[in-house]
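Here is a briefing on the model shown below.

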Amino acid sequence: MVSQSISIINISNLDKTYSLNNNPVHALRDVSFSIHPGQIVFVMGPSGSGKTTLLNLVGGIDSPTNGDIIVCGEKISEYSDRKLTKYRKARLSFVFQFYSLIPTLTAVENVELTMELMGMNRKKIRKEAKEYLKKVELEDRINYFPSQLSGGERQRVAIARALAKNPEILLIDEPTGQLDQESGDKVVSLIREIAKLYEKTVILVTHDQELKKYADRIIELRSGKIVSDTDFA
Ligand SMILES: Nc1ncnc2c1ncn2[C@@H]1O[C@H](COP(=O)(O)OP(=O)(O)OP(=O)(O)O)[C@@H](O)[C@H]1O
Ligand SMILES: [Mg+2]
């Protein structure tokens, strides 16, 4: 067991201000929190409250205006673009709302590609890719192309692909935005089950109140500020 007292993500006094037509847009204001290894944290809040901005900052695809972000002991808020690229590759997987699977590759090839890019052992790749797809209950769809899969199935391929990278942290933005309640519920319950199995840390953005039951903790944002932080564990 990983000690609960050490945090894997530590955010302090984070501000993000965008400039739009010379007017400041305060996307995040004085946001501070820490996350323990293995915790499944949902970020909730109305549209425009700063959820994606927060995910992008933790994911090193955007930089803060002020404040510190420390992930796995790395102070990424001070990193150059080159160091951020290395950080993203080593530490995390993103799952975006619109799946971003490669349309000309089958489900299993989409998963394999990530493993190849990570330089994993070629002989093991096919077998492991199939195992990840089995974990998301798609063993009978491995040779389907994305266009032949339902929205929920595509999202599950995206999750298999994110897991295949074997990151410490999964960042997941609105995984159910395009799905009906039942498929969305299945996707998020699988995320929880697999994250617990592999001891991954998850930050997941959602609007859906019905999905709250799958969170260890819920951080709620409003106008760029944390208005509640509830730990169920
Ligand atoms: N590149 C940008 N330039 C200017 N303003 C931006 C930019 N990106 C985001 N914003 C603004 O920052 C605020 C937070 O945006 P963000 O995308 O984080 O919201 P969100 O909570 O993810 O919303 P949604 O639920 O609609 O996805 C919004 O007011 C948005 O208009
Ligand atoms: Mg968003």
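Strand β3 (residues 40–44) pairs with β8 in the parallel sense, over 4 bridges. Two strands pair if DSSP finds at least two bridges between them. Helices (H or I, at least four residues) and strands (E, at least two) are DSSP runs, numbered from the N terminus. This is a predicted model: local features need pLDDT of at least 70, side-chain atom pairs count only at pLDDT 80 or more, and totals for chains, interfaces and linings use all residues. Residues are numbered from 1 along each chain as its sequence is written, while chains are lettered from A and ligands numbered from 1 in the order in which they are written.

**Around β8**
- Isoleucine 40 stands opposite valine 202 in β8.
- β7 and β8 also run parallel, joined by 5 bridges.
- Leucine 204 in β8 is the bridge partner of isoleucine 172.
- From β7 the chain crosses through helix α6 (residues 181–198) to β8, and this β-α-β crossover is right-handed. Right-handed means that, with the strands pointing away from the viewer, the path from the first strand over the helix to the second runs clockwise.
- Why is strand β8 (residues 201–205) largely enclosed by the rest of the structure? Because 5 of its 5 residues are buried.
- A residue is buried if 20 or more other C-beta atoms lie within 10 Å of its own, exposed if 12 or fewer, and partly exposed in between; C-beta atoms are placed from the backbone.
- Thr201, Ile203 and Val205 point one way from β8, Val202 and Leu204 point the other way, and all are buried.

**The open sheet**
- An open sheet of 4 strands has the order β2-β1-β4-β5, with antiparallel pairing.
- β2 and β5 (74–75) are the edge strands, each pairing on one side only.
- Strand β4 (residues 66–71) runs antiparallel to β5, and 2 bridges join them.
- Lysine 75 in β5 has isoleucine 70 opposite.

**Ligand 1 shell**
- Which residues surround ligand 1? They are Tyr18, Leu20, Val25, Ala27, Gly45, Ser47, Gly48, Ser49, Gly50, Lys51, Thr52 and Thr53.
- A residue is near a molecule or strand if its C-beta atom, placed from the backbone, lies within 6 Å of it.
- β1 (9–20), β2 (23–35) and α1 (51–58) each supply at least two residues of this shell.
- The largest share, 3 residues, comes from α1.
- The shell divides into 4 nonpolar, 7 polar and 1 charged. Ala, Val, Leu, Ile, Met, Phe, Trp, Tyr, Cys and Pro count as nonpolar, Asp, Glu, Lys and Arg as charged, and the others, Gly among them, as polar.

**Helix α3**
- In helix α3 (residues 107–117), the buried residues include Ala107, Val108, Val111 and Met115.
- Glycine 119 follows α3, with a positive phi near 75 degrees.

**Positive phi outside glycine**
- Asparagine 22 is not a glycine, yet has a positive phi of about 65 degrees.
- Asparagine 22 lies in the loop between β1 and β2. With 5 C-beta neighbours inside 10 Å, asparagine 22 counts as exposed.
- Asparagine 166 is not a glycine either, and has a positive phi of about 55 degrees.
- The loop between α5 and β7 (169–173) holds asparagine 166. Asparagine 166 is partly exposed, with 15 other C-beta atoms within 10 Å.
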